[in-house]
Amino acid sequence: MKYDVIIIGGSYAGLSAALQLGRARKNILVVDAGERRNRFASHSHGFLGQDGKAPGEIIAEARRQIEGYPTIHWAKGRVTNAEGAFDDFVVEINDTRRESAARLILAMGVADELPEIAGLKERWGSTVFHCPYCHGYELNKGKIGVIAASPLAIHHALMLPDWGETTFFTNGIFVADAEQSALLSARGVRVEKERIKEIAGHADVVLADGRSIALAGLFTQPRLKITSDWVEKLGCTVEEGPMGSSIVTDAMKQTAVRGIFACGDVARPAGSVALSVGDGAMAGTAAHRSIMFPE
């Protein structure tokens, strides 16, 4: 069976794209490895109508609704290769199963590469975060730390005082210039230059000199990594930016390759559940339009 569209990734963006195409009665295959980027977080915030729900609950309910559309099909697994061109793409799943489609939607998300600090990875999504809009409010104006991992750390440090008293741990990664120092001072940010030894307890920063600073939560800047090595082989343009890698698309979510669309975190340097759902809806409708009106 040749599908109209194969969607690679069954999280927020992929399911949103599938919903549009299922309602258009197109034959769709959703391939999902079941590894949502926000699987480490207990609650999701900032998505209208779903604020505060567990991410898994949002996905489970979305899938339950989408499974009611008979032209949407499912494959559990990881896409290990994809090739082809407009109207004739082939996807390989788990190195064994091959499926074809007229269009592709890439919605497989990204991996977060975290700073190499002892104890940080274990707290990722529980007391260590990257998005203030997603997790800042729940810290209840408690003391917050920003751990520098990239040049973007200055933006984190300047943002976070709206959510609580902020300490900026430069950790040998970031050195503020005179203008940046003035901005940090104006925002009431405390700058700590001592290197970090580890993260302990709830969100306690243990410094190399033995001091320990207890905090309500921590923020840092993970580097985004596209883990699918076949993306560039397809001809899609991958851009390396301050936050990591992302697939370049136009306003309709089409990539540099005719007939391939991309949405969600894999195609947006900074994202959220709400933005992923919106991007997925755009990619789904754009893919449908390209089937109706091939140009």
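## About the model

The model is predicted, so to speak of local features a pLDDT of at least 70 is needed, side-chain atom pairs count only at pLDDT 80 or more, and totals for chains, interfaces and linings use all residues. Residues are numbered from 1 along each chain as its sequence is written, and side-chain values use heavy atoms, leaving out hydrogens and water.

## Overall build

The protein chain holds 6 helices and 19 strands; these are DSSP runs, with helices being H or I of at least four residues and strands being E of at least two, numbered from the N terminus. Its radius of gyration is 21 Å, close to the 19 Å that the globule rule gives for 295 residues, so the chain is as compact as a globular protein of that length. Here the radius is taken over C-alpha atoms, and the rule is 2.2 Å times the number of residues to the power 0.38. Along the principal axes, the C-alpha trace spans about 65 × 35 × 35 Å.

Of the contacts (heavy atoms within 4.5 Å) with a separation of 6 or more, 55% are between residues 24 or more positions apart.

## Surface and charge

Buried residues (under 20% relative accessible area, with a 1.4 Å probe and protein chains only) make up 49% of the 295 residues. The accessible surface, from the Shrake-Rupley method with a 1.4 Å probe, comes to about 13,900 Å², and carbon and sulfur atoms own 51% of it.

As for charge, there are 32 positive and 35 negative side chains, and the centres of the two sets lie 3 Å apart. Lys and Arg count as positive and Asp and Glu as negative, without His and the chain ends; each charge is placed at NZ of Lys, CZ of Arg, CG of Asp or CD of Glu.

## A buried aspartate

D204 sits in strand β13, which covers residues 204–207. This residue is buried yet has no salt bridge, and R123, the nearest side chain of opposite charge, is 7.5 Å away. A salt bridge would need a side-chain nitrogen of Lys or Arg within 4 Å of a carboxyl oxygen of Asp or Glu. Leaving aside residues up to four places away in sequence, D204 touches E198, I199, S212, I213, A214 and L215.

## Two positive phi angles

Most residues other than glycine have a negative phi. N171, not a glycine, has a positive phi of about 55°. N171 belongs to the loop between β10 (164–169) and α5 (178–186), and counts as buried at 10% relative accessibility.

K253 is not a glycine either, and its phi is positive at about 70°. This lysine is found in the loop between β18 (244–247) and β19 (260–262). With a relative accessible area of 8%, K253 is buried.

Notes:
Buried means under 20% relative accessible area, exposed over 50%, partly exposed in between (1.4 Å probe, protein chains only).
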